[in-house]
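Welcome! Take a moment to look over the sequence and turn the structure around on your screen. The notes that follow will guide you through it.

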Amino acid sequence: GVEDVTRTVEEDGTAPEVALVEGPLVEGVWTADPSGHVWDGVLYVYTSHDEETGAPHDDDGGHYDMRDYRVIELRDLGGPALEHDAVLHVDDVPWATRQMWAPDAARRGDTFYLFFPAKDAEGVFRIGVATSGSPTGPFVAECEPIAGIGSIDPAVFTDDDGTGYLYVGGIMGGQLQRWDGDTYTGVDAYPAADAPALGPRVARLTDDLLALAEPAREVVVTDAAGVPLTHGDPRRFFEGPWVSRIDGVYHLLYSTGAAHTLVHATSDSPYGPFTFRGTVLEPVAGWTTQGSIVQLDGRWYLLYHDAQVSGRDHLRNVRIAPLTLHADGRLTASPR
Ligand code: FUB
């Protein structure tokens, strides 16, 4: 609730001291792209499962060659964290062939939904959905990907009125530049450096969360003056959209790609436009940065990953850090 938010901020604006798991949430398995949800007082973190499969490195991220998902369960933020495997494997998704990238989850009653991107037989990134009676799976995938939308990094935001919105997108290897509305063109259509950047896509979901309830639209991120950020601007959207509503304000969290920052922008609507606010997480070890925001016991946290332990971009660990909500609405994480 709103009253809880203020309790996350000390007089001097720093995040309060809390007992959090030190270092990676789990070890012995590479995890990345964390999407956190608190259900029945338990924090569930839906993650990619990084592996060294021998897939060659390329500019489209071919070496991010993940085959299944993991769920990390935290009943106490001080630990221990439980890691659940056998959540969903690419071999059990009829339309998917490879690259199970950043997932998210949602809940409606006793049904839990896993949203995920993967490449189909034509090498096109599509968005799938799978369901389970348990937050930790196993999840059973729908036979076809969600129609009318593609690219990567699905994130489902449920607003206070219960409406679910699906956000997706990632440029370059995430193929967002190849989508024209609901059509995959196969053509890399990047804007000029001084033209408005490509934005993530958003669409309201049907009540059963299995389909779009409306055509997807593009989300615009502007500067403080209301001018859309340009494709050449290092602050522009790259991948990993995530939306949280904090103190009545919609916050869009995303990765800037080559600038290696996790940043946020704010709006009074889940559709935007969003106004760029600043950096939430400075660059971490590894090329990618990705995250999500959760609230637990009145405090806000950032879940993120880095490649500090492995020293290799595609073998990552999920971590948690306290978030500070500043009086001016900016968010900053304090990795420990
Ligand atoms: O983990 C594979 C991809 O790298 C994700 O989908 C992106 O967000 C980036 O973390």
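With 32 C-beta neighbours inside 10 Å, D33 counts as buried, because a residue is called buried if 20 or more other C-beta atoms lie within 10 Å of its own, exposed if 12 or fewer, and partly exposed in between, with C-beta atoms placed from the backbone. This is a predicted model, in which local features need pLDDT of at least 70 and side-chain atom pairs count only at pLDDT 80 or more, while totals for chains, interfaces and linings use all residues. Residues are numbered from 1 along each chain as its sequence is written.

- Most residues other than glycine have a negative phi, and most peptide bonds are trans.
- D33 sits in strand β1 and has a positive phi of about 55°, although it is not a glycine.
- Q99 lies in the loop between β4 and β5, and it too is not a glycine but has a positive phi, of about 60°.
- Q99 is buried, with 23 other C-beta atoms within 10 Å.
- G79 and P80 are joined by a cis peptide bond with omega about 0°, and P80 belongs to the loop between β3 (68-74) and β4 (81-89).
- Another cis bond runs from G272 to P273, with omega near 0°; P273 is in the loop between β18 (262-267) and β19 (274-281).

**Overall build**

- The protein has one helix and 23 strands; helices (H or I, at least four residues) and strands (E, at least two) are DSSP runs, numbered from the N terminus.
- Its radius of gyration, taken over C-alpha atoms, is 18 Å, close to the 20 Å from the globule rule for 336 residues, so the protein is as compact as a globular protein of that length. The globule rule is 2.2 Å times the number of residues to the power 0.38.
- Buried residues make up 45% of the 336 residues.

**Strands and sheets**

- Strands of a sheet pair through backbone hydrogen bonds, either parallel or antiparallel.
- Four strands form an open, antiparallel sheet in the order β5-β6-β7-β8; two strands pair if DSSP finds at least two bridges between them.
- β5 (104-108) and β8 (140-141) stand at the edges with a single partner strand each, so one side of each has no neighbour in the sheet.
- Two bridges join β7 (residues 125-132) to β8, and A130 has A141 in β8 as its bridge partner.
- β16 and β17 (residues 249-255) pair in the antiparallel sense over six bridges, and form a hairpin with two residues between them.
- In the turn of this hairpin, D247 has a positive phi of about 55°.

**Around the ligand**

- Which residues come nearest to the ligand? Of the 13 residues around it, they are Y64, W101, A102, T288 and Q290; a residue is near if its C-beta atom, placed from the backbone, lies within 6 Å of the molecule.
- β1 (30-39) and β16 (239-246) each supply at least two residues of this shell.
- The shell divides into five nonpolar, five polar and three charged residues. Here Ala, Val, Leu, Ile, Met, Phe, Trp, Tyr, Cys and Pro count as nonpolar, Asp, Glu, Lys and Arg as charged, and the others, Gly among them, as polar.

**Confidence**

- The protein averages a pLDDT of 95, and 95% of the residues score at least 70; pLDDT is the predictor's confidence in each residue, from 0 to 100.
- Among the elements, helix α1 (residues 2-6) has the lowest mean pLDDT (35) and strand β10 (residues 164-168) the highest (99).
- The predictor gives the complex an ipTM of 0.97 and a pTM of 0.95.
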